[in-house]
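Me: Hey, can you walk me through this one? I'd like to start with a single residue and then zoom out.

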Amino acid sequence: MLYKGSCHCGHVAFQVEGTLASAMSCNCSICQRTGRLMWFVPRANLQLLTPEENASTYMFNQHAIKNQFGRECGKPPGGHGADPKGNATGG
């Protein structure tokens with residue numbers, strides 16, 4: 001199935017192809033405070049619909065996940081890093 005998403009203002013938008021069978025709870029402080037859940041997909045399944053420079057990247061702790069934020073609204077549309085098995089992911 002094709003899913004579309006964006007930050008709050010739409011300055012960062014994407015689409016991703018995949019089957020959303022389950023999502024994981026993340027234990028980082030950002031996800032815990034905002035109630036975000038993770039869904040891992042291969043990076044090849046993610047297509048940005050806006051220029052990559054519209055997003056800011058924030059990394060913390062072990063620098064394993066690149067958390068993306070809209071430069072205008074500051075809201076997170078997603079991130080990319082490694083799945084629980086260490087494979088590269090996007091979205």
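Me: Okay, where is N61?
Reply: N61 sits in the loop between strand 7 and strand 8, and strand 8 covers residues 66–70. Keep in mind that this is a predicted model.

Me: Is N61 buried or exposed?
Reply: N61 counts as exposed, because its relative accessibility is 68% and the cut-off for exposed is over 50%.

Me: And how far apart are N61 and C28?
Reply: Along the sequence, N61 and C28 are 33 residues apart. In space, their C-alpha atoms are 9.0 Å apart.

Me: New topic: T50. Where's that one?
Reply: T50 is in the loop between strand 6 and strand 7, with strand 7 running over 55–58.

Me: Buried or exposed?
Reply: T50 counts as buried, since its relative accessibility is 18% and buried means under 20%.

Me: So which residues does T50 touch?
Reply: Leaving out residues up to four places away in sequence, T50 touches G10, H11, V12 and A13.

Me: What does the side chain of T50 reach on A13?
Reply: The T50 side chain reaches the backbone nitrogen of A13, at 3.0 Å.

Me: And what about H11?
Reply: There, a polar atom of the T50 side chain lies 3.4 Å from the backbone oxygen of H11.

Me: Zooming out, how many helices and strands does the whole chain have?
Reply: The protein chain has one helix and 10 strands. Going along the sequence, the pattern reads β-β-β-α-β-β-β-β-β-β-β.

Me: How much of the chain is buried?
Reply: Of its 91 residues, 31% count as buried. The accessible surface of the chain is about 6000 Å², and carbon and sulfur atoms account for 50% of that.

Me: Last one: what share of the contacts joins residues at least 24 apart?
Reply: That's 41%, counted among contacts between residues at least 6 apart in sequence.

Conventions
Residues numbered from 1 in each chain as written. Predicted model: local features only at pLDDT ≥ 70, side-chain atom pairs only at ≥ 80, totals over all residues. Heavy atoms only, no water. Helix = DSSP H or I, 4+ residues; strand = E, 2+ residues; numbered from the N terminus. Buried < 20%, exposed > 50% of the residue type's maximum accessible area, 1.4 Å probe, protein only. Contact = heavy atoms within 4.5 Å. Areas by Shrake-Rupley, 256 points an atom, 1.4 Å probe, with all protein chains shown as cover. Polar contact = N/O pair within 3.5 Å; in protein donor to acceptor, adjacent residues only side chain to side chain.
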